[in-house]
Amino acid sequence: MERLRQDDPSHVGPYVILARLDSDSAERTVPERRYLGRTADGQRTVLVCVPRVGADPSRWAIEAEGARRLSVPRFLGVAEVGGTAGFPWYAAPYTPALPLPAILAAYGGPLPEETVRRLGAALAEALAAAHAQGVTHAGLSPAAVLVTAGGPLLTCFGAVRAAAPDGVRRAGLPGLDPGCLAVEQASGGRPRPLGDVFALGAVLAYASTGHTVPEQSELPPGLRTPVGSCLSSDPAVRPQSAQDVLRALVSPGAGAPPAQDAYPAAGTVLDHAAVPLPGRVVAALAAQSAALLAVELPSPQGSFTTARKVH
């Protein structure tokens, strides 16, 4: 949880803005501005998101509405979409959550291999469910992954589509981590599931090394095959589905996936193999929750612009 800045809104829709979710250092690769807010009566706390300054609000609003209509496990559940044509917003119920970059900061460096493996399995399972519905996330990056005590949530849905229309080069666009863009998407191609597979590899590379474009030797030995294959510049060489990535991550050898019938259902594997978060990460989530509970709303007689700014 970060202090509000002078250029942050004091309220969005019916919500008093209490704090920013992302740090200044992470803001460069976050495709939207994310805040923690609360209703004026103090009854509901939410995650509120608005477009980046300079973004096309109409394109962003289209993706926000698309996210609201989705029903995919581990995709952030968007409860409300509102605002105006020039200042749209969406809100989701609050649960203690930190972006993946903040998780690494809380832990003090890259995460343990087994934690990365289980994090990746949960994300791969979510992407596989989305792809089965014909939906491409098109925005996966470390900033898009919110880690909660119950596992990761995927946010920033459609960030690539919102940033530029098809046929426009996307590399270097504000809010997009270039290390998470497959070459075919950076060149202006339409987002496809194999682009999500590339981005998943970049996210897991970040979780295990601290950056999205590692050398193969930097990856933990047990992750070099499943993660490295996702990062191939040639889509034909990558795992051909998120389900393939899931199998590789949950298989004991973490090598190329064997026959389909050699694995139980993905949900069964994950249900019985969940790895608790490191203690320092759990403490950071608890600290966020405690700090947010301690925030006092402005007096009803006062202006929203006096909203208290907190860490």
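I began at Tyr35, which stands opposite Val48 in strand β4. I am working from a predicted model, where local features need pLDDT of at least 70, side-chain atom pairs count only at pLDDT 80 or more, and totals for chains, interfaces and linings use all residues. Residues are numbered from 1 along each chain as its sequence is written, and side-chain values use heavy atoms, with hydrogens and water left out.

β3 pairs with β4 (residues 45-51) in the antiparallel sense over seven bridges; pairing requires at least two DSSP bridges between the strands. In their hairpin, five residues lie between the strands, and Gly42 has a positive phi near 80°. With β2 (residues 15-20), β3 makes five bridges, also antiparallel; Ile17 has Gly37 as its bridge partner.

I then checked burial in β3 (residues 32-39): eight of its eight residues are buried, meaning under 20% relative accessible area with a 1.4 Å probe, protein chains only. Glu32, Arg34, Leu36 and Arg38 cover one side, and Arg33, Tyr35, Gly37 and Thr39 the other.

Next I turned to the open sheet, ordered β7-β8-β9 with antiparallel pairing. β7 (97-99) and β9 (151-154) each have a single partner strand, so one side of each lacks a neighbour in the sheet. β7 and β8 (residues 145-148) share three bridges, and Leu98 stands opposite Val147.

Last, I noted that helix α2 (residues 100-107) lies across β7 and β8 at about 95° to β7. Helix α10 (residues 279-294) also lies across β7 and β8, at about 115° to β7. Axes are lines fitted to C-alpha atoms, for helices over the stretch in contact, with angles from 0 to 180 degrees between N-to-C directions; contact means heavy atoms within 4.5 Å.

Conventions: Buried means under 20% relative accessible area, exposed over 50%, partly exposed in between (1.4 Å probe, protein chains only). Helices (H or I, at least four residues) and strands (E, at least two) are DSSP runs, numbered from the N terminus.
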